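The sequence and the structure are shown first, and the description follows.

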Amino acid sequence: METVSENRAFGGVQGVYTHASDACACDMTFGLFLPEEAAEGPVPVLWYLSGLTCTHENAMTKAGAQGWAAEHGIALVFPDTSPRGDGVADDEAYDLGKGAGFYVNATQDPWKPHFRMWDYIADELPRVLAANFAIDEDRQAITGHSMGGHGALTLAMNLPGRFASVSAFSPIANPTQSDWGRKQLGAYLGADETTWAAHDASLLMRETGFDGPVLIDQGSKDQFLDLLKPEALAEAIAERRQPATFRMQDGYDHSYFFVSTFMEDHVDFHAAALYR
C-alpha cells in the first residue's frame, strides 16, 4: 500500500492511499479519515459510498463529514466508485464504465475482468483497512449518495450483521425500474433480470429489510427524482413496517450542498448506533 497524502484534520489525519486490488485487478485509491482516538486503539468506522462520476475525493472534500466524525471518534472511509487504469473498460457515457461501478460484480464482457466493486467494498477493502489501520471491524456503519446510496442500502441488506446502521442521501432506490439502473445492470449483469433483484433497494426492503436503524434524506427539488424513484423505497418501507426515517427535504437538489447540509444528522445517527 502506498501513501498518496496525509493531512492533519480536526485533531486526526485525512489520508489518501493506493493499493493493488485483487478484486478489481488494478490499483485502487481510497480516502480514510482517522480521528485522534485511533492513536490509542481501534475506532468504529462509517463507510461513505459516492455517486456517478465521483472518485474517492468528492465526498472527502465536499461532504464536510470529518469534523462531525471527529466529535464522535469515528473513522470515515471514502472508496472510489469504480476500477481505474489504462486497461480498464470504459464507455463514452458518464453513467457507465469508469466512475459508474454501481457496486456490483460484473459478469459480462468487457466489464467482468475489473468491475467487481461488490467484492471490493464487501470483502477486500475491509481486509486492507483492518490490516493497516486502527479500525474496529465489529463496529461499522454505511452511508452514501445517489449511486452510493444505492450501494449502501444494498450492501447493508445483503450483509446482515455487518453494519449497525445504514443511511442514504438521494439513493437510486429502484434501479430495476429506472433508466439509472436498467442500463447499468443490463450491461454489467446481463439480460436475465432475476440477477438484478439483489441490487435493488426497494425489492430488498420488501424481501428482507434491515435489522437496524435506517435514515433516508431526499431533496424535493432533486433534478433526478424520476430516475431515483424514492416513492418505491418509501412504499416498501411502509409495506414491511421497517423502522426507518424517510425525510423529503423541501427545496434541496441533488448536489453536495444538500449532502453537506444534512451530514451532521447522518453522522450523529450512525454514532448513536455504533456506540449503542
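## A buried glycine in a loop

G51 has a relative accessibility of 3% and therefore counts as buried; the term buried stands for under 20% relative accessible area, exposed for over 50%, and partly exposed for values in between, with a 1.4 Å probe and protein chains only. The residue is located in the loop between strand 4 (43-49) and helix 1 (57-62). Helices (H or I, at least four residues) and strands (E, at least two) are DSSP runs, numbered from the N terminus.

When neighbours within four places in sequence are left aside, G51 is in contact with T81, G99, H145, S146, M147 and G148, where contact means heavy atoms within 4.5 Å. G51 and E193 stand 142 residues apart along the chain, and 23 Å separates their C-alpha atoms.

## Basis of the model

The model is predicted: local features need pLDDT of at least 70 and side-chain atom pairs count only at pLDDT 80 or more, while totals for chains, interfaces and linings use all residues. Residues are numbered from 1 along each chain as its sequence is written, and side-chain values use heavy atoms, with hydrogens and water left out.

## Overall form

The secondary structure of the protein consists of 9 helices and 9 strands. For 276 residues, a compact globule would have a radius of gyration near 19 Å, and the 17 Å of the protein agrees with this; the radius is taken over C-alpha atoms, and the globule rule is 2.2 Å times the number of residues to the power 0.38. Along the principal axes, the C-alpha atoms fill a box of roughly 50 × 45 × 35 Å.

Of the 276 residues, 59% are buried. Among contacts with a separation of 6 or more, 73% involve residues 24 or more positions apart.

## Surface and charge

The protein exposes about 11200 Å², and carbon and sulfur atoms supply 47% of this area. Accessible areas come from the Shrake-Rupley method with a 1.4 Å probe; for residues, only the protein chains shown count as cover.

There are 18 positive and 39 negative side chains, and the centres of the two sets lie 4 Å apart. Lys and Arg count as positive and Asp and Glu as negative, whereas His and the chain ends are not counted. The place of a charge is taken as NZ of Lys, CZ of Arg, CG of Asp or CD of Glu.

H145 belongs to the loop between strand 6 and helix 4. With a relative accessible area of 5%, H145 is buried. Beyond its neighbours within four places in sequence, H145 is in contact with Y48, L49, S50, G51, F169, S170, H254, Y256 and V259.

G149 is part of helix 4 (residues 147-158) and is buried, its relative accessible area being 0%. Leaving aside neighbours within four places in sequence, the contacts of G149 are L49, G144, A168 and P171. From G149 to G190 there are 41 residues in sequence and 22 Å in space, C-alpha to C-alpha.

## Aromatic pairs

The whole structure contains 12 aromatic pairs. Rings of Phe, Tyr and Trp (its six-membered ring) pair if their centres lie within 6.5 Å; planes under 30 degrees apart count as stacked, over 60 as edge-to-face and the rest as tilted. The ring centres of Y17 and F133 are 5.0 Å apart and their planes meet at 55°, so this pair is tilted. The pair links distant parts of the chain, 116 residues apart: Y17 is in strand 2 (residues 12-21), and F133 is in the loop between helix 3 (117-132) and strand 6 (135-144). Y17 and F133 are both buried.

Y252 and F258 form another tilted pair, with 6.0 Å from centre to centre and 45° between the planes. Y252 is partly exposed at 29% relative accessibility, whereas F258 is buried at 0%. F169, Y252, F258 and F262 form one aromatic cluster.

## Backbone features

Most residues other than glycine have a negative phi, and most peptide bonds are trans. F10, although not a glycine, has a positive phi of about 50°; F10 lies in the loop between strand 1 (2-9) and strand 2 and is exposed, with a relative accessible area of 56%. T53 likewise is not a glycine and has a positive phi of about 75°. T53 is in the loop between strand 4 and helix 1 and is partly exposed, at 49% relative accessible area.

The peptide bond from D109 to P110 is cis, with omega near 0°. P110 is situated in the loop between strand 5 (75-79) and helix 3.
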